[in-house]
Amino acid sequence: MEENEVVMEEGAKKGSVKKIIIAVVAIVAVIAIIVGIVNAVRPSPEKTVKQFLKNIENKKASKIVDQMDIVGLAAWSACDGDYEDFNDKYDEYKEELEDLDDDEIDEEIEAMVEQLDDGFEDIEKIKVEIKKMKKAKKVKDAKNLYKVNTKFKTTVTTDDDTDRETSTVDFYVMKKSGKYYIVGMDTKSGDGIDLF
């Protein structure tokens with residue numbers, strides 16, 4: 001009888017070990033799925049640029065403007081390539097913006113949307129195809145500023161004709177409050193994107 005008890009204990013131990021291994025594998029799989037979902041929905045400079053180009057393709061003027069940081073656009077422009085001044089310029093322009101009335105700011109944003117809508121009016125269709133996008137690089141000496149080098153092909157169709165252009169553009173993206181916003185574009189080759 002003792003031999004049977006020993007055999008049953010060994011069988012029970014093997015069954016328990018097998019259940020533990022299955023449980024551990026299941027937990028690891030669940031963790032991997034959760035990490036994958038978090039990474040898929042978490043914002044990034046690259047996703048911001050992709051969405052920005054998609055909004056251009058769909059001629060969504062208000063969404064394009066929503067993806068830009070107005071203060072950041074002014075700061076980036078004022079830096080003129082000297083990005084170590086970006087944060088100081090940003091703070092300076094942000095302070096100036098605080099002096100403006102909310103209605104004035106809303107009017108300025110609405111004017112940008114209208115200007116884009118006017119530009120899209122004569123365009124029948126825009127197709128934007130990303131050919132290559134490099135991983136975002138943090139801009140040296142500029143807090144929360146990233147550069148995303150992107151090569152893309154645009155096909156713009158109007159009533160008269162179709163224009164095709166391949167451009168390489170450095171998109172400058174700023175992280176603010178956990179989100180990323182376009183603050184500048186530097187065309188390296190081709191016509192790039194001229195929004196305003």
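**Close-up views of a predicted model**

View 1. Lys54 has a relative accessibility of 40% and counts as partly exposed, whereas Glu57, at 14%, counts as buried. Here buried means under 20% relative accessible area, exposed over 50%, and partly exposed in between (1.4 Å probe, protein chains only). The model is predicted: local features need pLDDT of at least 70, side-chain atom pairs count only at pLDDT 80 or more, and totals for chains, interfaces and linings use all residues. Residues are numbered from 1 along each chain as its sequence is written, and side-chain values use heavy atoms, with hydrogens and water left out. Glu57 and Lys54 form a salt bridge with closest N and O atoms 3.2 Å apart. A salt bridge is a side-chain nitrogen of Lys or Arg within 4 Å of a carboxyl oxygen of Asp or Glu. Both residues lie in helix H2, 3 residues apart, about one turn of the helix. Helices (H or I, at least four residues) and strands (E, at least two) are DSSP runs, numbered from the N terminus.

**View 2. Lys127 and Glu57.** Lys127 forms a salt bridge with Glu57, and their closest N and O atoms are 3.8 Å apart. This pair links distant parts of the chain, with Lys127 in strand E1 and Glu57 in helix H2, 70 residues apart. Lys127 is partly exposed, at 42% relative accessibility.

**View 3. Lys188 and Asp170.** The closest N and O atoms of the salt bridge between Lys188 and Asp170 are 3.7 Å apart. Lys188 lies in strand E5 and Asp170 in strand E4, so the pair ties together parts 18 residues apart in sequence. Asp170 is buried, with a relative accessible area of 3%. Elsewhere, salt bridges that share partners join Lys54, Glu57 and Lys127 into one network. The salt bridge count comes to 6.

**View 4. The largest nonpolar core.** This core has 25 residues, and Leu53 and Phe171 have the most contacts inside it. A nonpolar core is a set of buried Ala, Val, Leu, Ile, Met, Phe, Trp, Tyr and Cys residues joined through side-chain atoms within 4.5 Å. Among the elements that each supply at least two residues of this core are helix H2 (45-57), helix H6 (102-121) and strand E4 (162-176). Another core, of 13 residues, lies apart from it and includes Cys79, Val139, Ala142 and Met174.

**View 5. Surroundings of Phe171.** Leaving out residues up to four places away in sequence, Phe171 touches residues including Val49, Phe52, Leu53, Val148, Ile182 and Ile193. Contact means heavy atoms within 4.5 Å.
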